Amino acid sequence: MAFGTEALGFSQLFPGITNTLLTLDSNFRIPLYREYILSLGLGGVSRSSCKKILSQGGPDGKGMGRAITIVIGGARESLLATPETMRLIVRDRKGFVTLAVQQGADLVPVLGLGENNLYDQRDTSEEHPRLLKVQLLLKQVFGWTMPMFHGRGLLGKWPGLLPYQRPLDIVVGRPVEVEQQDNPEEEYVDLIHRRYMDEIERLWDEWKDVYGGKRASKLEFL
């Protein structure tokens, strides 16, 4: 809603930037749903798609002013999205950093505070290890998985698939500037990755007491 539509006024908050929300390429193979997400302006999250978006268009015709939004943790992180927690799978994921350096695109961390409270979900990693194996197999085969979640029903009663009516606040961090390199060295990628994680942590510390609400644990990087 924040980055795939104008619901929160992205173009007014970030004038001069054309943003594209990215999703799994497999979503574009589903009839009708494909047309729906294309009509919203979504793009595929493959490396070739990211490069194309960041290198074409804009006022200079070479991608200036273009931006992409990626959910770094993806399907694996969705299995950890239990209420009152903030666990991010980012520690060993550096491909997006390499891509950003190659394209000369600064990294801008974003957190959705309250997002994990919109649904109740069982933590299958501890309570149902066999089910977790099935979920991970789905992710490996299809690129997506199915968390065991529920929300409220159509009339506001449990259970259902509608999200609970709870606050959700999107906070945007400071850009982590990069120096464009066609073949970045591993040490430089690690440096930018650390700066990115440090900015996420700063963002969390600044806003957790304002928008974080009740918390069962602190911010975790996995």
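Trainee: How do you know which parts of the model to trust?

Mentor: By pLDDT, the predictor's confidence in each residue, from 0 to 100. Over the protein, pLDDT averages 90, and 98% of the residues score at least 70. Where pLDDT is low, the predicted coordinates should not be read in detail. This is a predicted model, in which local features need pLDDT of at least 70 and side-chain atom pairs count only at pLDDT 80 or more, while totals for chains, interfaces and linings use all residues. Residues are numbered from 1 along each chain as its sequence is written, and side-chain values use heavy atoms, with hydrogens and water left out.

Trainee: What makes a stretch count as a helix or a strand?

Mentor: Both are DSSP runs numbered from the N terminus: helices are H or I with at least four residues, strands are E with at least two. The protein has eight helices and nine strands.

Trainee: Why is the protein called as compact as a globular one of its length?

Mentor: The radius of gyration is taken over C-alpha atoms, and the globule rule is 2.2 Å times the number of residues to the power 0.38. For 222 residues that rule gives 17 Å, and the protein comes to 18 Å, which is close, so it is as compact as a globular protein of that length.

Trainee: Why is Leu32 called exposed?

Mentor: Exposed means over 50% relative accessible area, buried means under 20%, and partly exposed lies in between (1.4 Å probe, protein chains only). Leu32 has a relative accessible area of 71%, so it is exposed. Leu32 lies in the loop between E1 and helix H2 (33–39), and its phi is positive, about 70 degrees, although it is not a glycine.

Trainee: And what makes Glu84 partly exposed?

Mentor: The relative accessible area of Glu84 is 28%, so it is partly exposed. Glu84 is also not a glycine, yet it has a positive phi of about 65 degrees. You will find Glu84 in the loop between helix H4 (74–78) and strand E4 (87–88).

Trainee: How do you know that the buried residues of H3 are on the same side?

Mentor: In helix H3 (residues 47–55), the buried residues are Ser49, Cys50, Ile53 and Leu54. They cover an arc of only 120 degrees around the axis, so they lie on the same side of H3. That arc is taken from the directions from the helix axis to the C-beta atoms. The face turned away from the buried side carries the exposed residues Ser48 and Lys52. Cover for the buried residues of H3 includes strand E1 (18–23), strand E2 (43–44), strand E3 (66–69) and H5.

Trainee: What makes a set of residues a nonpolar core?

Mentor: The members are buried Ala, Val, Leu, Ile, Met, Phe, Trp, Tyr and Cys residues joined through side-chain atoms within 4.5 Å. The largest such core has 24 residues, and Leu88, Val90, Leu107 and Leu111 touch the most other members. Elements giving two or more residues to this core are helix H5 (95–103), strand E5 (110–113) and helix H8 (186–211). H8 gives the largest share, eight residues.

Trainee: Which residues does Leu88 touch?

Mentor: Contact means heavy atoms within 4.5 Å. Leaving out residues up to four places away in sequence, Leu88 touches Glu77, Leu111, Ile200, Leu219, Glu220, Phe221 and Leu222.
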